[in-house]
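Dear colleague,

Please find below the structure that I am handing over to you, together with its sequence. My findings follow directly after it.

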Amino acid sequence: MLWQAAWQLASSVLVMPWFVPPRIRIAVLRAFGAKIGKGVNFRAGVRVHWPWKLEIGDDSWIGERVWLLNLESIRIGSDVCVSQAAFLCTGSHDHRSPSFEFDNAPIRVEDGAWIAARATVLRGVTIGADAIVGATALVTKDVAAGAVALAPAAKTIPTKTAPTKTAPTKTAPTKTAPRTQAPRPS
């Protein structure tokens, strides 16, 4: 429990802030048990739940505001890009259980994969080598090597019928009494 509290403090002071250099972030993560390869770029604002359950290969990039909710292990291969605000979540609950117990499983992201901005990868999923997970995609099942998983794209629907413009109606000029000038005082 003390170790977890120490991690929460170290994370908020030495890992998440924008002004902390990536090499310091990585050193702190390693000090708390993360296995991180060479050439990794670990950007500001990244949240790691438990660093001792994190493994990242060489030359990978973890973007701003990524959230690695790793109640179980998250293994990220080499040459991987996890883009801004992506969410990798190894935890869930069994909604059928009266005690709502945990239903957790690890996540694996293989070499060369790209998880684009704001994508969500859920527990038990493997993202295959060189696969792409598109922006905002929700991944609940494995993505095969080299595959592309995209979120539903926005669909354009017909617009409402625009009101028809009517020509301005002409009104008959009104006759007004001629203006008279007030008499000047003498």
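**Cysteines**

With a relative accessibility of 7%, Cys-89 counts as buried. Cys-81 is partly exposed, its relative accessible area being 24%. These two values fall on either side of the cut-off, since buried means under 20% relative accessible area. How many disulfides does the structure hold? The count is zero. For reference, a disulfide is a covalent bond between the sulfur atoms of two cysteines.

**Salt bridges**

Side chains of opposite charge can pair when their charged atoms come close. The structure holds three salt bridges.

In one of the three, the side chains of Arg-43 and Glu-64 meet with a distance of 3.0 Å from N to O. This pair links distant parts of the chain, 21 residues apart: Arg-43 sits in the loop between β2 (41–42) and β3 (47–48), and Glu-64 in the loop between β5 (61–62) and β6 (67–69). Arg-43 counts as partly exposed, at 30% relative accessibility.

Another salt bridge joins Asp-103 to Arg-123, with 2.8 Å between the closest N and O atoms.

The remaining salt bridge is formed by Arg-108 and Glu-110, whose closest N and O atoms are 3.0 Å apart. Arg-108 counts as partly exposed at 34% relative accessibility, and Glu-110 counts as partly exposed at 26%.

**Surface patches**

Which residues gather in a patch of negative charge on the surface? They are Asp-59, Asp-79, Asp-111 and Asp-130. Asp-130 lies in the loop between β13 (126–127) and β14 (132–133). Asp-130 is classed as exposed because its relative accessible area is 53%, and exposed means over 50%.

A nonpolar patch is also present on the surface, made up of Leu-9, Val-13, Leu-14 and Ile-24. Together these residues have about 320 Å² of accessible area. Helix α1 (residues 2–15) supplies the largest share of the nonpolar patch, namely three residues. Leu-14 is located in helix α1 and is partly exposed, with a relative accessible area of 35%.

**Backbone angles**

Most residues other than glycine have a negative phi. Phi of Arg-65 is near 60°, a positive value in a residue other than glycine. Arg-65 is placed in the loop between β5 and β6, and Arg-65 is exposed, with a relative accessible area of 54%. Thr-136 likewise has a positive phi, near 65°, and is not a glycine. The location of Thr-136 is the loop between β14 and β15 (138–139), where Thr-136 is partly exposed, at a relative accessible area of 46%.

**Strand residues and their contacts in space**

Where is Ile-127 found? Ile-127 is part of strand β13. Ile-127 is buried, its relative accessible area being 0%. The C-alpha atoms of Ile-127 and Ile-107 are 8.2 Å apart in space, while the two residues are 20 apart in sequence.

Arg-75 is part of strand β7 (residues 74–76). Arg-75 is partly exposed, with a relative accessible area of 43%. The separation of Arg-75 and Gly-57 is 18 residues in sequence and 8.2 Å in space, from C-alpha to C-alpha.

**In brief**

To restate the main points, the predicted model holds zero disulfides and three salt bridges. Its surface carries a patch of negative charge formed by four aspartates, Asp-59, Asp-79, Asp-111 and Asp-130, and a nonpolar patch of Leu-9, Val-13, Leu-14 and Ile-24. Positive phi values occur at Arg-65 and at Thr-136.

With kind regards

Definitions and conventions
Residues numbered from 1 in each chain as written. Predicted model: local features only at pLDDT ≥ 70, side-chain atom pairs only at ≥ 80, totals over all residues. Heavy atoms only, no water. Patch = residues over 30% accessible without salt bridge, like charges linked within 9 Å, V, L, I, M, F, W, Y side chains within 5 Å. Areas by Shrake-Rupley, 256 points an atom, 1.4 Å probe, with all protein chains shown as cover. Lys, Arg positive; Asp, Glu negative; His and termini not counted. Charge placed at Lys NZ, Arg CZ, Asp CG, Glu CD. Helix = DSSP H or I, 4+ residues; strand = E, 2+ residues; numbered from the N terminus. Buried < 20%, exposed > 50% of the residue type's maximum accessible area, 1.4 Å probe, protein only. Disulfide = S-S within 2.5 Å.
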